[in-house]
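Please keep the sequence and the model in view while reading.

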Amino acid sequence: MTEQTLKARIKDEMKAAMRAKAKQRLTTIRSIQAEVKRIEVDERIDVDDARLLAVLDKMCKQRRDSIQQFTDGDRIDLAEIEQAEMLIIQEFLPAQLSEDEIKILITDAIASTGAAGMQDMGKVMGVLKPKLQGRADMGAVSKLIKASF
């Protein structure tokens, strides 16, 4: 049996959420599907798993930023809603890498690109981004790269 695509898995999860009458989950999954549909219509493409991971990663980052702003603004109720949405979105992302695993990948990327300093950070990020997409916060990865030089 072939492995199910991420897009099909999201569609199946939406159906399950409808049957279970899980309102919050259904709303979040529908927002994922709406974003995918927007990209497909705007760019006239069929979103593949790699692009869908990038979309989910971006949605998680947006939620993290919102949580920070709501927490700073003392709106814990709204921060909790964003947190719940982020947890649902993360279910569709691959398992997150540990900091040690990321550091190993950074060391390998620096060695393979021959990066000598901060001016080569773009090369290192170019090698790492496809490997880490959806598996690590790229902002944190950037900080770890800077610390490596």
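Which residues does M121 touch, not counting residues up to four places away in sequence? M121 touches S142, I145, K146 and F149, where contact means heavy atoms within 4.5 Å. This is a predicted model, in which local features need pLDDT of at least 70 and side-chain atom pairs count only at pLDDT 80 or more, while totals for chains, interfaces and linings use all residues. Residues are numbered from 1 along each chain as its sequence is written, and side-chain values use heavy atoms, with hydrogens and water left out.

**Overall architecture**

- The protein contains seven helices and zero strands; helices (H or I, at least four residues) and strands (E, at least two) are DSSP runs, numbered from the N terminus.
- Along the sequence, the pattern reads α-α-α-α-α-α-α.
- A box of roughly 55 × 45 × 30 Å, taken along the principal axes, is filled by the C-alpha atoms of the protein.
- Of the contacts with a separation of 6 or more, 58% are accounted for by residues 24 or more positions apart.

**Surface and charge**

- Of the 149 residues in the protein, 34% are buried; buried means under 20% relative accessible area, exposed over 50%, and partly exposed in between, with a 1.4 Å probe and protein chains only.
- The accessible surface amounts to about 9300 Å², and carbon and sulfur atoms hold 54% of that surface; the areas come from the Shrake-Rupley method with a 1.4 Å probe, and for residues only the protein chains shown count as cover.
- The protein has 25 positive and 25 negative charges, whose mean positions are 5 Å apart.
- In this count, Lys and Arg are positive and Asp and Glu negative, whereas His and the chain ends are not counted; each charge is placed at NZ of Lys, CZ of Arg, CG of Asp or CD of Glu.

- The axes of helix α1 (residues 6–20) and α3 come within 9 Å and cross at roughly 55 degrees; axes are lines fitted to C-alpha atoms, for helices over the stretch in contact, and angles run from 0 to 180 degrees between N-to-C directions.
- The two helices, α1 and α3, are therefore oblique to each other; angles under 35 degrees count as roughly parallel, over 145 as roughly antiparallel, 65 to 115 as roughly perpendicular and the rest as oblique.
- On the α1 side, the contact is made by L6, K7 and I10, and on the α3 side by D49, L52, L53 and L56.
- L52 lies in helix α3 and is buried, with a relative accessible area of 1%.
- Leaving aside neighbours within four places in sequence, L52 is in contact with L6, K7, I10, V36 and V47.
- L52 and E91 are 39 residues apart along the chain, and their C-alpha atoms are separated by 13 Å.

- R63 is found in helix α3 (residues 49–72) and counts as buried because its relative accessibility is 10%.
- Apart from neighbours within four places in sequence, R63 contacts S31, E82, E85, M86 and I89.
- E82 has its place in helix α4 (residues 76–90) and, at 14% relative accessibility, also counts as buried.
- The contacts of E82, leaving aside its neighbours within four places in sequence, are R63, S66, I67 and F70.

**Loop residues**

- K21 lies in the loop between α1 and α2 and counts as exposed at 72% relative accessibility.
- R44 is found in the loop between α2 and α3 and counts as exposed at 74% relative accessibility.
- Most residues other than glycine have a negative phi.
- In K21, by contrast, phi is positive, near 55 degrees, and in R44 phi is positive as well, near 50 degrees.
- I45 is found in the loop between α2 (23–43) and α3 and counts as partly exposed, at 36% relative accessibility.
- Not counting residues up to four places away in sequence, I45 touches I39, E40 and R51.

**Residue M121**

- M121 is located in helix α6 (residues 121–132) and is buried, with a relative accessible area of 12%.
- The C-alpha atoms of M121 and T107 are separated by 12 Å, and the two residues are 14 residues apart along the chain.
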